[in-house]
Amino acid sequence: MNAREIASLAALATDVWNSSDIDMGSLPAWIGLGSLVLAVLIFGRDRISAARAQVDLVSAWASVSYERRAPWQAPMIKKCEISGSIRNASQLPIRVVQVAWQAETRWLIEDKTQSQYPKGPGIWSEVSGTAPPSNVHDHIDVPPQETVEIPPFEVDISNAAPPDAAQLSPTNGVQVRVRWLLVVDNSGRRWEIRPEKGDRAKRVRQPWWKPESPMPHQW
């Protein structure tokens, strides 16, 4: 619950309090006040849950493909292909202002301190990549009960390779996650969704909202 919603609930409680005839000097009055506050909090929670109901049914995911090579096979893989999906399981249309994807990489580096046979395949360690590359798609309308497919697009991952990296890991070399979705629901409310954080959608209001790069400043 943000500052504006708390202020609205406080104003509602004040109006109800001022319109009622409550004796502040009696125990039943204090019990009645507690019931009033509880009722206002429940009302506010239910109102926020109702507003969030549509965007809770919006989801996004991605898949990735890249060429698998042994670490001693040149040249090093420098690109991968990502495709995405956005699902609107609600009964109303939504507009995705922006969806951001991030590619996290794992690379193989030869551990020469453990190699007993210089001409053999060697011993390799997996190391996380640096500076995960990101990509965004803007302005996607998703009808109710439908899934919009984002065609495969190529991503350059060469800058994420750490020093001495020989090749991408053949098993989990690239994993793609959804960084965020910026969504406008059917009532014009704006939301920020971060699927992998496990939190529910966050209502976005200006001017308190501070966009993260490369989020749009005005949307």
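1. Let me start with the charges over rings, meaning NZ of Lys or CZ of Arg within 6 Å of the ring centre and within 35 degrees of the ring normal. Arg 68 sits over the face of Tyr 66, 3.9 Å from the ring centre. A second case is Arg 203, which lies over the face of Trp 191 at 5.8 Å from the ring centre.

2. A word on what you are looking at: this is a predicted model, in which local features need pLDDT of at least 70 and side-chain atom pairs count only at pLDDT 80 or more, while totals for chains, interfaces and linings use all residues. Residues are numbered from 1 along each chain as its sequence is written, and side-chain values use heavy atoms, with hydrogens and water left out.

3. How many aromatic pairs does a search of the whole structure find? The search finds zero. To count, rings of Phe, Tyr and Trp (its six-membered ring) need centres within 6.5 Å; planes under 30 degrees apart are stacked, over 60 edge-to-face, and the rest tilted.

4. Next, the salt bridges, each a side-chain nitrogen of Lys or Arg within 4 Å of a carboxyl oxygen of Asp or Glu. The structure has seven of them. One of them joins the side chains of Arg 200 and Asp 56, at 2.3 Å from N to O. This pair links distant parts of the chain, 144 residues apart: Arg 200 is in the loop between β9 (190–193) and β10 (202–203), and Asp 56 is in the loop between α2 (27–52) and β1 (58–65). The element names come from DSSP runs, with helices (H or I) of at least four residues and strands (E) of at least two, numbered from the N terminus.

5. The classes run as follows: buried is under 20% relative accessible area, exposed is over 50%, and partly exposed is in between (1.4 Å probe, protein chains only).

6. Another salt bridge brings together the side chains of Arg 106 and Glu 126, at 3.3 Å from N to O. Arg 106 lies in strand β3 (residues 94–110) and Glu 126 in strand β4 (residues 124–128), so the pair ties together parts that are 20 residues apart in sequence. Arg 106 is partly exposed, with a relative accessible area of 26%, and Glu 126 is partly exposed at 34%.

7. Asp 185 and Arg 189 also form a salt bridge, their closest N and O atoms being 2.9 Å apart. Here Asp 185 is buried, with a relative accessible area of 5%, whereas Arg 189 is partly exposed at 24%.

8. Of its 17 residues, 13 are buried, so β3 is mostly covered. Strands count as paired if DSSP finds at least two bridges between them. Ten bridges join β3 to strand β8 (residues 174–184), running antiparallel, and Val 96 stands opposite Val 183 in β8. With strand β5 (residues 134–142), β3 pairs in the antiparallel sense over eight bridges, and there Gln 98 stands opposite Asp 138.

9. The antiparallel pairing of β3 with β4 has five bridges. Finally, β3 and strand β7 (residues 167–168) pair in the antiparallel sense over two bridges, with Leu 168 as the bridge partner of Trp 107.
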